[in-house]
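Please read it alongside the sequence and the structure shown here.

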Amino acid sequence: MAQQRIFSGVKPTGHLTLGNYLGAMRQWAQEDQYRADALFCVVDLHALTVDHDPARVRRLTRQAATLLMATGLDPETCTLFVQSHVDEHTRLAYLMECTATDGEMRRMIQYKEKAARERERGGSVRLSLLTYPALMAADILAYGTDEVPVGEDQTQHVELTRDLAVRFNQRYGHTFVVPRATNPKVAARVMDLQDPMSKMGKSHARTAGIVYLLDEPEVVRKKVMRAVTDAASDVVYDRAERPGVANLLDVLAACTGRDPRGLAEEYDSYGALKKDTAEAVVEMLRPVQERHGELAADPSYVDGVLRAGAERARTMARPRVDAAYRAVGLLG
Ligand code: AQP
């Protein structure tokens with residue numbers, strides 16, 4: 001059987017968070033790159049769907065790539081690159097826009113949430129915020145991807161990608177592999193420590209409930225110790241009724257490889273749970289931060305990895321994107 005192909009990415013819209021790490025990046029580095037032909041990408045074009053500062057996007061793109069390597073992605077084992085370096089993504093995105101419907105795009109939860117946030121701020125909503133799932137579908141389908149390991153919040157976009165692949169294949173002949181989303185067993189949706197009903201999001205304005213991968217240990221401790229819990233004081237795992245405590249248990253479970261329900265039975269106070277969670281997060285991030293420091297001191301090495309990765313990715317994507325162009329009736 002041919003080796004499975006995996007594709008996934010991160011958006012440089014803010015500093016990467018504990019949610020990004022536990023929901024996606026850790027598994028890419030520790031498992032996914034070794035069990036498949038894997039590509040990981042900093043999806044910089046997606047960062048342009050909202051108001052952005054060009055210099056910041058540039059900085060965050062390099063920082064995200066550096067952090068991906070610091071988590072353990074090995075450029076000899078997987079392909080690591082930046083989306084905008086490979087033109088095949090935007091070439092194919094247009095065909096995906098011609099395959100998707102306006103209604104499908106408007107149903108996307110992220111579009112509804114982010115558009116509402118932009119409007120609340122008095123800003124306008126970019127057309128690309130609506131159409132970005134077509135670009136994401138192209139990111140995935142260009143590589144004949146079998147599996148897309150993501151946090152829970154991205155599952156809907158991967159479902160849309162599946163629908164587009166099936167529709168395209170039915171209309172124009174078999175061109176794309178139909179991919180599937182996979183989520184980690186624990187911490188597939190890490191919640192904001194100050195607002196446990198909302199996802200921990202890297203582009204959120206209020207940062208007190210967001211643990212960033214490069215936060216100093218003292219800052220991590222402070223954020224975890226101040227996490228919002230609830231009025232009751234016993235420790236039980238109930239995501240619907242006790243979301244704050246459940247979130248801490250999920251994080252601790254993900255850091256220690258334990259089961260959140262089993263952990264709940266070992267605590268009788270929030271204080272002890274918070275303290276152990278804070279220490280577990282600090283210890284988990286320590287080697288990532290150290291490696292990041294080393295790699296960040298040598299940006300030309302990181303740039304070289306990204307250039308080589310883009311070259312490899314282009315070679316993988318081009319034949320399938322060319323085939324898709326021919327299939328829809330464009331002169332090859
Ligand atoms: N809180 C989370 N819990 C679990 N997984 C998460 N992921 C993101 N947040 C959590 C997963 O991390 C991968 C990369 O995410 P992304 O860069 O595509 O998007 P994002 O972090 O969701 O950030 P945005 O859209 O720039 O802004 P926010 O966060 O403010 O909405 C994905 O696999 C994602 O599922």
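## Handedness of a helix crossing

A crossing is called left-handed if the near helix is turned anticlockwise from the far one by less than a right angle, and right-handed if it is turned clockwise. In this predicted model, the crossing of α5 and α6 is right-handed, whereas that of α1 and α9 is left-handed.

## Helices α5 and α6

Helix α5 covers residues 109-120 and helix α6 covers residues 127-141, and the two pack with their axes 10 Å apart at an angle of about 165 degrees. Because angles over 145 degrees count as roughly antiparallel, α5 and α6 are therefore described as roughly antiparallel to each other.

On the α5 side, the residues that take part are Gln110, Tyr111, Lys114 and Ala115, and they meet Leu129, Leu130 and Tyr132 of α6. Sorted by class, this contact of α5 with α6 consists of five nonpolar residues, one polar residue and one charged residue.

## Helices α2 and α12

Helix α2 (residues 54-70) and helix α12 (residues 299-327) have axes that come within 10 Å and cross at roughly 85 degrees, which means that α2 is roughly perpendicular to α12. From α2, the contact draws on Arg62, Ala65, Thr66 and Met69, while α12 contributes Pro299, Tyr301, Val302, Asp303, Val305 and Leu306. The contact of α2 with α12 comprises seven nonpolar residues, one polar residue and two charged residues.

## Helices α1 and α9

For helix α1 (residues 18-35) and helix α9 (residues 243-256), the axes come within 12 Å and cross at roughly 45 degrees, and α1 and α9 are therefore oblique to each other. Leu18, Leu22 and Arg26 of α1 make the contact together with Val251, Ala254 and Cys255 of α9. By class, the residues of the contact of α1 with α9 are five nonpolar, no polar and one charged.

The protein is divided into domain 1, which consists of residues 5-183 together with 299-327, and domain 2, which consists of residues 217-293. The C-alpha centres of domain 1 and domain 2 lie 30 Å apart, and nine residues of domain 1 are in contact with eight residues of domain 2.

About 810 Å² of area is buried between domain 1 and domain 2, and carbon and sulfur atoms give 76% of this area. Within the area that domain 1 buries against domain 2, Leu18, Tyr21 and Ala70 supply 46%, more than any other three residues. One of these, Leu18, is also among the α1 residues that make the contact with α9.

Conventions
Residues are numbered from 1 along each chain as its sequence is written. This is a predicted model: local features need pLDDT of at least 70, side-chain atom pairs count only at pLDDT 80 or more; totals for chains, interfaces and linings use all residues. Side-chain values use heavy atoms; hydrogens and water are left out. Axes are lines fitted to C-alpha atoms, for helices over the stretch in contact, and angles run from 0 to 180 degrees between N-to-C directions. Helices (H or I, at least four residues) and strands (E, at least two) are DSSP runs, numbered from the N terminus. Angles under 35 degrees count as roughly parallel, over 145 as roughly antiparallel, 65 to 115 as roughly perpendicular and the rest as oblique. Contact means heavy atoms within 4.5 Å. Ala, Val, Leu, Ile, Met, Phe, Trp, Tyr, Cys and Pro count as nonpolar, Asp, Glu, Lys and Arg as charged, and the others, Gly among them, as polar. Domain bounds come from an automatic or database domain assignment. Buried area is the accessible area (1.4 Å probe) that two parts lose on being put together, summed over both.
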